[in-house]
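Hi everyone, thanks for making time this morning. I'd like to walk you through a structure, so please have a look at the screen.

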Amino acid sequence: MTDPRTTALHTRHQALGASFTDFGGWLMPVRYSSDLAEHRAVREAAGLFDISHMAEFLVTGPRAGDFLDDALAGRFSALPIGKATYSLVLTESGGIVDDVIVYRLGEEWFLVIANAGNRDAVGSALDERLRAFPAPTPASAADESGSFAFVAGAQPSVEDVSDISALIALQGPRAAQILADVSGLELVAPPVARDGVPEEWAVADLGSYAARAAAFAGTNVVVCRTGYTGEDGFELLIAADAAPALWDAVLEAGEQHGLLPAGLAARDTLRLEAGMPLYGHELGRHIRPAQAGLGRVVAMGKDDFVGKAALAEAQDPAARVLVGLVSEGRRAARAGYAVLAGDDIVGEVTSGALSPTLGHPIAMAFVDPAQAEPGTALALDVRGTRIPATVTALPFYRRNR
Amino acid sequence: MTDTTALKYTAEHEWIALDGDTATIGITAFAAEKLGDIVFVELPGVGSEVSADAVCGEIESTKSVGELYAPLTGTVSAVNDAAVDDPSLVNSDPFGQGWLIKLTVDPAAVDGLLDHEAYAKLTGGQA
């Protein structure tokens with residue numbers, strides 16, 4: 001084993017008194033003081049997370065959108081510039097290599113954000129799929145549009161930019177106000193065309209799952225209105241060497257708004273309450289999207305893409321499906337615990353915790369389809385004790401808009 | 001303030017304070033810090049018998065489950081209901097208000113436990 005890596009913000013976390021954990025090969029803050037306080041801050045004010053361990057890939061060049069249509073589950077050629085979408089990297093047999101967020105930053109410029117632990121898997125999947133991506137053929141001998149995209153070599157390229165990038169997530173109901181107050185952050189998008197002018201924008205203009213370019217102390221920042229907490233919030237992509245100053249500036253702007261730095265412990269309970277899957281728990285190579293409730297993410301209408309043939313075949317009607325389970329009391333089921341109907345094991349818990357927001361235990365679990373209807377009374381085997389649990393629709397928590 | 005250098009310890013991160021034949025037991029600040037915010041504590045009933053090194057309770061944080069091992073063989077003479085009602089006491093005052101159980105024990109058995117120096121060594125000087 002090699003020592004876990006640290007992010008560009010490591011000394012900031014140390015100075016803030018963080019406890020660390022090894023996550024996906026990275027030494028990351030698990031909490032700064034209290035994970036419950038950090039969780040509450042995100043629900044009621046705001047929290048600031050270092051998520052620089054996540055992997056970033058730039059997919060650029062001619063037909064970049066077409067290539068991603070082929071390589072991933074979604075339809076990226078139709079994604080408007082400045083918008084983002086949740087998607088999946090599938091295996092040939094229709095399982096899940098990883099879940100990703102894909103941003104279209106320009107006509108031929110996409111950013112793919114993957115999980116830290118799947119950096120190599122996603123990187124090699126994109127590289128392999130790029131090698132297999134057919135070069136275009138001209139529609140006729142003379143391309144009257146004057147496009148030379150079919151010329152050999154006019155292929156998109158994939159670049160792993162994880163090592164030079166930092167990613168900071170500002171999440172919570174006060175995130176927008178805090179972002180607008182960050183000293184030195186200029187919400188000005190550089191001109192797209194050579195003779196264009198920079199375009200000023202405001203936080204309020206940035207819709208959910210939208211991204212825009214900005215600048216911080218002379219460094220480009222991509223501001224994305226996305227997150228993994230179930231709250232409003234932003235993810236800020238910046239060059240790693242400029243990240244510490246941005247982190248400091250956001251913390252300073254957030255001080256009067258109740259912003260707390262927050263670790264992975266809070267991030268996990270927040271995403272669980274929001275019913276969001278985590279790779280290795282709710283997602284994996286042997287789990288198909290529909291089982292995890294992600295059938296809508298797969299654009300089956302596309303011509304062809306990796307995984308389509310397998311997913312077009314009839315699916316096993318007995319395949320377990322992901323559900324939410326709620327119980328009373330304070331004893332939470334954890335990943336790996338059995339789900340029972342009478343004396344029969346009908347499923348397995350993938351994530352579970354005592355919900356800090358709701359005050360009762362919640363869990364996600366894969367269960368037999370016959371037991372998946374909301375309201376079904378089941379039980380959890382919590383280290384030998386049977387705890388009653390009821391199937392419920394996800395998410396457990398939904399913010400007021 | 002509890003004088004933590006006068007306590008006895010186990011490798012399972014319990015502390016033991018002996019007064020006559022009554023041993024008061026809790027988990028160390030090091031263990032509480034590692035667990036994170038403690039949200040659930042389950043303790044044995046008063047009058048029950050516990051055996052040294054056997055699991056006698058559970059301590060859960062939002063992130064994980066920790067087991068409470070009986071450091072000594074004995075009879076439970078008291079449990080800290082305040083910590084059951086408000087498990088955050090174990091985080092905020094692990095050596096004081098966050099104590100967990102009291103056992104009636106053979107005082108001589110305490111000699112087999114770790115002293116502060118040995119426990120500090122075990123935790124790399126963090127306790």
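First, some housekeeping. This is a predicted model, where local features need pLDDT of at least 70, side-chain atom pairs count only at pLDDT 80 or more, and totals for chains, interfaces and linings use all residues. Residues are numbered from 1 along each chain as its sequence is written, while chains are lettered from A and ligands numbered from 1 in the order in which they are written.

Now the contact: chain A brings 14 residues and chain B nine residues. Being in contact here is having C-beta atoms, placed from the backbone, within 7 Å. On the chain A side, helix H2 (35–44), helix H7 (264–273) and strand E19 (344–354) each supply at least two residues. Helices (H or I, at least four residues) and strands (E, at least two) are DSSP runs, numbered from the N terminus.

Over to chain B. Here six strands make an open, antiparallel sheet in the order E1-E2-E3-E9-E8-E5; strands pair if DSSP finds at least two bridges between them. Which strands sit at the edges? They are E1 (8–9) and E5 (49–50) of chain B, each pairing on one side only. E5(B) pairs with strand E8 (residues 74–79) of chain B over two bridges, in the antiparallel sense. B:Glu49, for instance, has B:Thr75 in E8(B) as its bridge partner.

Finally, A:Phe110: leaving aside neighbours within four places in sequence, its contacts include A:Val59, A:Leu68, A:Phe76 and A:Val102.

Notes:
Contact = placed C-beta atoms within 7 Å.
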